[in-house]
Amino acid sequence: MTLNNFLLGIFFLSQFGIGVLGNSVLFLVYVNVFIYQPSKKKPTDLILINLTLVNMAMLVICGVQVILVNFGMKYVLDDVGCRGVLYINRVARGLSICTTCLLSVFQAVTISPSTSCWARLKPRAPSYILPSLLFFWILNLMLYIGIITSVEATKNVTLPGHTFISKGCSTVPGFNYAIVVITLVTFRDLFFVFLMSWASGYMVIVLYRHRKQVQHIHSTNVSPRSSVESRVIQTNLFLVNCFVFFYWLNCCITLYISYIKDYDSPLQYSTTFLAACFPSLCPWVLIRNDARVPRPQFVFKKLGSSTP
């Protein structure tokens, strides 16, 4: 184990640890709201719970492998391990794209003006959340089912007929459905990324028009509810923009690595870093902007008041 590998291991351990901590805190907050504070539930909570679980799965599965490799354990996975890790990672990644898109589209429908064609969907929008999430789970679970029989552990990335996927894992020769799977995954990604980008653009236009309409109103007359809704929309816009940015940057680097066929390139670590950026950043953005999350100063004050 070299010094560079050790430092990379510490870096990824910090990144994944921060992400898992944030997602764990957020998940506990949502569970607490559902069980003990049902009056504070929001329609988007179910979407965010799903996104939080998916983020944790991506960070844990990807993080453990990368960290162990950088700490000197190069071939930590056998055939079963490769198939399980890659399957869960791919499914979680697909669910992350679909869930983020659902959050963006739901928010766009929610804030659409009464004159919009989307206004008629407002009352029914919350009832579509659970069926949409179930559909996304089934879609992604079925889409990557071929990984179970097409991936094996390899110690040599130059083996003829093998397609390198990650450190120590590759597709077996004769995987006839590779092109079909890649085509379907590419279509899914482009569709959902386009849809969430459109929804984000639509929300920006709606917010801009709304701001122009209320410019003549004094700030003290703006209702607190309107201010809260605006902050929620801006938070969702920030998350979607971050997701799209990290997604396209990661895709470009991955395509470049595939083109030069240098799978041991240091750029490989940048794809891991970028893949973990959104799952690590997302919970902390939500925690910062969700008033239901207890603040440290409030917790310490409450503990102090309960001390005899």
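Let me start with a cluster: F135, F136, F187, F191 and F192 are linked by ring pairs. A pair here means rings of Phe, Tyr or Trp (its six-membered ring) with centres within 6.5 Å; planes under 30 degrees apart count as stacked, over 60 as edge-to-face and the rest as tilted.

Before the details, the ground rules. This is a predicted model, with local features needing pLDDT of at least 70 and side-chain atom pairs counted only at pLDDT 80 or more, while totals for chains, interfaces and linings use all residues. Residues are numbered from 1 along each chain as its sequence is written, and side-chain values use heavy atoms, with hydrogens and water left out.

Back to the rings. The count comes to 12 aromatic pairs. In one of them, F135 and F136 have ring centres 6.0 Å apart and planes at 55 degrees, so this pair is tilted. F136 counts as buried, at 8% relative accessibility; buried means under 20% relative accessible area, exposed over 50%, and partly exposed in between (1.4 Å probe, protein chains only).

F187 and F191 form a stacked pair, 6.3 Å centre to centre with 15 degrees between the planes. Both lie in helix 6 (residues 178-213), four residues apart, about one turn of the helix. F187 is exposed at 59% relative accessible area, and F191 is partly exposed at 42%.

Now the overall layout. The protein chain has nine helices and three strands, taken as DSSP runs (helices H or I, at least four residues; strands E, at least two) and numbered from the N terminus. Along the sequence the pattern reads α-α-α-α-α-β-β-β-α-α-α-α. Of the 308 residues, 40% count as buried.

The axes of helix 1 (residues 3-36) and helix 8 (residues 267-289) come within 8 Å and cross at roughly 30 degrees. That makes helix 1 roughly parallel to helix 8; the classes are under 35 degrees for roughly parallel, over 145 for roughly antiparallel, 65 to 115 for roughly perpendicular, and oblique for the rest. By class, the contact between helix 1 and helix 8 has 18 nonpolar, seven polar and no charged residues.

Last, a residue of helix 1, Q15. Is Q15 buried or exposed? Q15 is buried, with a relative accessible area of 11%. A polar atom of the Q15 side chain lies 3.2 Å from the backbone oxygen of F273.

Definitions and conventions:
Axes fitted to C-alpha atoms, helices over the stretch in contact; angles between N-to-C directions. Nonpolar A, V, L, I, M, F, W, Y, C, P; charged D, E, K, R; others polar. Polar contact = N/O pair within 3.5 Å; in protein donor to acceptor, adjacent residues only side chain to side chain.
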